Amino acid sequence: MTSSSGSEEERSLARMTGVEKWFGKVQALKGIDFEVRPSEVVGLVGDNGAGKSTLIKVLSGYHLADKGEIYFEEKRVNITSSLDARKLGIETVYQEQALAPNMSISRNIFMGREPAKPLGFMDKKSMDRGSMEALESIGLHLRSPDALIATLSGGERQGVAIVRALHFKAKLVILDEPTIALSVKEAREVLDFIKQLKREGISVIFITHNLYHVFPSADRFVVLGLGEKIADVEKKDTSIDELAELIVKPPSHD
Ligand SMILES: Nc1ncnc2c1ncn2[C@@H]1O[C@H](COP(=O)(O)OP(=O)(O)OP(=O)(O)O)[C@@H](O)[C@H]1O
Ligand SMILES: [Mg+2]
C-alpha cells in the first residue's frame, strides 16, 4: 500500500474540506468538501442563494470561513485576503464585476500590480505593451490600451479580466456568472476563453445558471442546494436534464 497522491489528474490543485459559513443566523455553507484538479474545468451550479458565490469567495479570500480547511497544491493554506489568493495563483472574476469602468484597459490589467520604475512611477509603456500583446494572444483586437473599460462590450470586458489572469500566470481562474449579461456572441467568446485557459493548463471554476453554457465547457459538475453539496459528478456520468433536476430538488436527509 502506498499513500502517494497518484497521477496528475487525481491530484488536487485546490481542495476545501468541511467548509462552513454563517451570515448572522443564515448558514450559507454547511460542511462543504470541494476540489479542483489541475487543468480541470468545474461547473459550480445551484439555485439562487445555494451558496455558490459564498464558496468561491472563501477560496478567493473575500470571506473567511467559520470552519473548514483549504489546501492548495496539497499544502494547507490560510487565505485571509484576495492578495493571499493571488499570490497562490487564484484569480477571481466576481459576479459584481471586478473591472473599474473608468480606468483604461491597461490600468485594469495591471491593477494592484503596476510595474514600478526606480522612482516609483508606473512604467506606462511596458504596461501598455504587455496589455496589447496579451489581448492579441487571446484574439481580442482592441483599439488602444488607453480605451476606457466603460467603452467596451460585455464580452470584451470579460476578455480583459481573463487576460489579466493569463498574463499573471494564474493557476486557477474563478468565474462567477461570466456570461449572464452577455449577448449570444459575447457569451460564446467567453466560453472560448475558458477553453483557452484549460489548454494553457489553467484550472477553472465556472459558476452559472445557464446549463447550456456550462455543460460543453466543464469536465465535472458540483451542485449546491441551500448550502449543501447535492452532487459531484463527472460529465460522462450526467446530463443537462439530470443536473437541472438536481438543482430544483431540495437536499434530502435520508
Ligand atoms: N454578505 C452577505 N451577508 C448576508 N448574507 C449573505 C451574504 N452573502 C450571501 N448571503 C446569504 O448566503 C446565502 C448564499 O448566498 P450566495 O450569494 O452564496 O448564493 P449563490 O448560490 O451565489 O446565489 P446566486 O445564484 O443568486 O448568485 C443566501 O442565503 C444569501 O442571502
Ligand atoms: Mg452568486
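Okay, let's start with one pair: Phe221 stands opposite Val233 in S10. That pair belongs to S9 (residues 220-225) and S10, which run antiparallel over six bridges. Strands count as paired if DSSP finds at least two bridges between them. Helices (H or I, at least four residues) and strands (E, at least two) are DSSP runs, numbered from the N terminus.

Housekeeping: this is a predicted model, where local features need pLDDT of at least 70, side-chain atom pairs count only at pLDDT 80 or more, and totals for chains, interfaces and linings use all residues. Residues are numbered from 1 along each chain as its sequence is written, while chains are lettered from A and ligands numbered from 1 in the order in which they are written.

Now the whole sheet. It is open, with six strands in the order S6-S7-S8-S3-S9-S10 and mixed pairing. S6 (90-93) and S10 (228-234) sit at the edges with a single partner strand each, so one side of each has no neighbour in the sheet.

What packs on it? H1 does, touching S3 (41-46), S6, S7 (172-176), S8 (203-207) and S9. Contact here is C-beta atoms, placed from the backbone, within 7 Å. The direction of H1 makes about 150° with that of S7; axes are lines fitted to C-alpha atoms, for helices over the stretch in contact, and angles run from 0 to 180 degrees between N-to-C directions. H6 lies across S3, S7 and S8, at about 155° to S8.

On to helix pairs. The axes of H5 (residues 154-167) and H6 (residues 184-199) come within 8 Å and cross at roughly 15°, so those two are roughly parallel. The cut-offs: under 35 degrees is roughly parallel, over 145 roughly antiparallel, 65 to 115 roughly perpendicular, the rest oblique. H5 brings Gly154, Gly155, Gln158, Gly159 and Ile162 to that contact, and H6 brings Lys185, Glu186, Glu189, Val190, Phe193 and Leu197.

H4 (residues 124-137) and H5 come within 10 Å and cross at roughly 105°, therefore they are roughly perpendicular. Gly130, Ala134 and Leu135 of H4 meet Gly159, Val163, Leu166 and His167 of H5.

Last stop, ligand 1. Which elements each supply at least two residues of its shell? S2 (26-36) and H1 (52-59) do, and H1 gives the largest share, three residues. Around the ligand you'll find, among others, Phe23, Asn48, Lys52, Ser53 and Thr54.

Key
A residue is near a molecule or strand if its C-beta atom, placed from the backbone, lies within 6 Å of it. Two residues are in contact if their C-beta atoms, placed from the backbone, lie within 7 Å.
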